[in-house]
Amino acid sequence: MAVDKFAVESTTITAKISAHYVDNARNLPWRVPPLRSAAGERPDPYHVWLSEVMLQQTTVAAVKSYFEAFTMRWPKVQDLAQANEADVLAAWAGLGYYARARNLHKCARFVVEELDGSFPQNEAELLKLPGVGAYTAAAIAAIAFGERAVVVDANIERLVARLFAIDTPLPSGKLEIKQAMDKLTPQSGAGDFAQACMDIGASICTAKNPKCMLCPVQLECRALVEGDVERFPIKPPKKSKPVRKARFFWIERDGKLLLKPRPEKGMLAGMRALPSDDWAAKRDGHAKLPIEGKWTIRENIVQHSFTHFSLEVDMAVLEDDKIPINIGDNIWNDSIWWPLETITDAGLPTLFAKAVKWKLEELE
DNA sequence: AAGCCGGGGGA
DNA sequence: TCCCCAGGCTT
């Protein structure tokens with residue numbers, strides 16, 4: 001009778017990764033340490049959900065302070081559900097991908113109003129929540145509720161592709177990777193196993209310069225045998241990033257700065273911002289000044305890089321000292337005069353925060 | 001399947 | 001500099 005060597009290998013890998021986790025787990029604010037987890041303790045589903053959403057395409061280092069701030073300010077999902085969306089967006093400022101903050105708030109309200117404040121306890125129901133996709137649903141089900149869900153994030157994708165030398169280019173290769181992870185995932189303790197894999201992906205099986213000598217499954221790794229670990233996973237070629245230009249408008253009166261919320265769709269949707277030309281609509285060079293007056297143009301005050309383009313920013317400063325108080329309403333119907341002393345509370349996305357910082361330092 | 005959506009940290 | 005990250009949603 002033929003032995004499934006693949007299955008034997010998977011069993012060994014699972015055991016070694018699980019054992020490694022006991023002594024090498026990262027200590028993270030939203031995580032129950034492995035020994036307490038093995039004793040049956042589970043993390044607060046609200047904390048798991050919040051951290052998972054924050055961690056989407058975002059590093060642990062960037063998330064930590066935001067997680068602490070959110071849980072301090074909104075200790076329970078009911079608190080978050082009662083918050084104003086504008087406050088949630090402002091608290092999210094700097095983390096990026098702001099649709100996450102909108103969906104977070106929407107999801108909190110749904111859980112409180114429709115589910116009596118309890119998160120769904122299985123992968124299929126979690127998947128229906130706004131902002132919860134395939135990865136996040138599996139992660140919450142496994143980590144918070146102990147379901148045997150197959151978790152695949154970028155760390156696990158890399159680790160598994162290397163372990164089995166899966167050379168099907170992504171995204172097609174995702175299916176094979178998920179099937180391999182399915183074989184690795186234990187019947188119980190799927191949450192800790194997923195977190196163990198993610199820790200290895202983050203600290204050992206890194207995209208560049210992997211530390212294979214520290215890896216608990218180096219003997220089982222086919223990519224290491226082949227001698228080119230970094231080749232996996234195979235990714236499609238990256239596209240070039242165009243450089244675009246934007247112009248911001250600095251309109252100040254009595255120590256207050258005129259802000260204009262972004263449109264509800266597109267870049268930085270719904271966030272408070274400096275008034276600007278319509279750079280986000282790929283209409284560079286249409287920097288028509290919003291009102292008549294004495295403007296000075298400061299060239300290239302800020303550079304900023306987004307996912308699919310980078311931006312060079314000019315700032316037009318209105319030097320008129322008799323700006324009408326209702327100037328904003330004359331041009332836009334939703335502008336705000338914000339006191340410069342508390343501008344850091346305005347929740348400006350980093351792009352605009354950089355520009356404000358430049359202007360305030362320029363005055364010194 | 002491909003495009004859109006931020007920002008920071010590490011090398 | 002470039003690369004990548006505990007992805008999801010829309011088209």
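This is a predicted model: local features need pLDDT of at least 70, side-chain atom pairs count only at pLDDT 80 or more; totals for chains, interfaces and linings use all residues.

Residues are numbered from 1 along each chain as its sequence is written, while chains are lettered from A and ligands numbered from 1 in the order in which they are written.

A residue is near a strand if its C-beta atom, placed from the backbone, lies within 6 Å of it. Helices are DSSP runs (H or I, at least four residues), numbered from the N terminus. In the table, Ala, Val, Leu, Ile, Met, Phe, Trp, Tyr, Cys and Pro are nonpolar, Asp, Glu, Lys and Arg charged, and the others, Gly among them, polar.

| Surface | Nonpolar | Polar | Charged |
|---|---|---|---|
| near DNA strand B | 10 residues | 11 residues | 1 residue |

Around DNA strand B sit 22 residues, with Thr58, Gly96, Thr307, Pro349 and Thr350 among the closest. Here α4 (60-73) and α15 (350-362) each give two or more residues.

DNA strand C has 29 residues around it, and Leu55, Gly133, Thr136, Asp153 and Ala154 come nearest. Elements giving two or more residues there include α9 (134-145) and α12 (190-203). The largest share, 4 residues, is from α12.

Those two helices also meet: Ala139, Ala142 and Ile143 of α9 touch Ala190, Gly191, Ala194 and Gln195 of α12, contact being C-beta atoms, placed from the backbone, within 7 Å.
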